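Here are my notes on this model, point by point. Please keep the structure open as you read.

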Amino acid sequence: MKTQFYNFIKELQETITSRLEEIDNKASFKEDQWHREEGGGGFTRVIENGSVFEKGGVNISEVHGPLPLAMQSYFKVGDVDFYATGLSLVIHPVNPHVPTVHANFRYFEMYDKQGTVVDSWFGGGLDLTPYYLYDEDATHFHQICKTVCDRHEVADYALFKEKCDAYFHNSHRGEGRGIGGLFYDYCKASESHSMEDWLAFQKDMASHFLDAYTPIAEKRKNKTYTKEQRDWQEIRRGRYVEFNLVHDKGTLFGLKTNGRIESILMSLPPHVQWRYDHHPEPDTPEAQLIEVLKNPKDWV
């Protein structure tokens, strides 16, 4: 299972980065291979200062070894070994009319000291963080997610969408990070579904990430914008940073397992603002976005 999935994400990384380079038509991804002292490593690919993408990363990793004490406590297990692999991406566009996007598709195994697999699961999802809300873009993104889910008995779009809204939520702000998508975790074999069923769904959803996001990026990338709109984008990016550093479990896992810091914090945007007690003017597009972030919508 782990070999199948790792080979899949390695190929997917190439597919996604090649397509994003086509859209940008200026910058290209730089690859950085890294190794983890305790076992494993990964390939980080980063694009910067492009015509469309200001910063982005599409990373794959494959790490293994003894599960650190902090994570033993988190998973409520004893002295076990682990294996984790996945693809994680974050794309921050230049134009504030183009949304930021995040996706993660991962697989995890735990072993006893004899090397027997004692637990395994898939997890992941994808979500959209617009700075200016276009209903048709939100509907398109969610429709792709729902269409893929509807093809697989193991997947429940409504449940995964609800989990996404709950997870990507800045509770200290009382608002969502974005307009959601899918979030699922601890997807395991059961009496009715096998790990092969989950693998099929995971591969299908990951393979349709580009279909969900790139039509939106291409539609909005040449739209004119003002300095004030760019300022708003950078203020909202601050909320993105807050979520990733305060709440995100993936960041926590990477830090607790001695992951590579540059790869873990690749998700942070290059230009961000924090303005004291900032609120948009009523009845503006900016205020309309905040209303949806505080009250998640059903888009399909």
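1. Start with Asp298. This is a predicted model, and in it Asp298 is exposed, with a relative accessible area of 68%. Its salt-bridge partner is Lys161, at 3.6 Å from N to O. Lys161 is buried, at a relative accessible area of 6%. The two sit 137 residues apart: Lys161 in helix α4 (residues 157-167), Asp298 in the segment after α10.

2. Next, Arg220 and Glu136. Their closest N and O atoms are 3.0 Å apart, and they form a salt bridge. The pair links distant parts of the chain, with Arg220 in helix α6 (residues 209-220) and Glu136 in helix α3 (residues 135-150), 84 residues apart. Arg220 is buried, because its relative accessible area of 9% is under the 20% cut-off. Glu136 is partly exposed, at 45%.

3. Then Glu14 and Arg45. This salt bridge has its closest N and O atoms 2.9 Å apart. Glu14 belongs to helix α1 (residues 2-24) and Arg45 to strand β2, so the bridge ties together parts 31 residues apart in sequence. Glu14 is partly exposed, with a relative accessible area of 39%. Arg45 is buried, at 15%.

4. Which residues lie nearest the centre of the largest pocket? They are Arg173, Glu175, Arg239, His278 and His279, out of 14 lining residues. The elements giving two or more residues to this lining are α7 (227-246) and α10 (285-294). Helix α7 provides the largest share, four residues. By class, the lining has seven charged, five nonpolar and two polar residues. The volume of the largest pocket is about 270 Å³.

5. The second largest pocket has a volume of about 230 Å³. It is lined by 13 residues, and Lys30, Thr44, Val46, Glu48 and Glu262 are the closest to its centre. At least two lining residues each come from β1 (30-35), β2 (40-48) and α9 (261-264). Strand β2 has the largest share, with four. Six of the lining residues are charged, four nonpolar and three polar.

6. Last, the surface. Leu245, Val246, Leu255, Ile261 and Leu265 make a nonpolar patch of about 440 Å². Of these, Leu245 lies in helix α7.

Definitions and conventions. Residues are numbered from 1 along each chain as its sequence is written. This is a predicted model: local features need pLDDT of at least 70, side-chain atom pairs count only at pLDDT 80 or more; totals for chains, interfaces and linings use all residues. Side-chain values use heavy atoms; hydrogens and water are left out. On a 1 Å grid over the protein atoms alone, a cavity is a set of points where a 1.4 Å probe fits but cannot get out, and a pocket is an open set with protein on both sides within 12 Å along at least five of seven lines; lining residues have an atom within 4 Å of a point. Grid points are joined across faces, edges and corners, and a volume is the space filled by probe spheres set on the points. Ala, Val, Leu, Ile, Met, Phe, Trp, Tyr, Cys and Pro count as nonpolar, Asp, Glu, Lys and Arg as charged, and the others, Gly among them, as polar. Patches are made of residues with over 30% relative accessible area and no salt bridge: like charges are joined within 9 Å, nonpolar side chains (Val, Leu, Ile, Met, Phe, Trp, Tyr) within 5 Å. Accessible areas come from the Shrake-Rupley method with a 1.4 Å probe; for residues, only the protein chains shown count as cover. A salt bridge is a side-chain nitrogen of Lys or Arg within 4 Å of a carboxyl oxygen of Asp or Glu. Buried means under 20% relative accessible area, exposed over 50%, partly exposed in between (1.4 Å probe, protein chains only).
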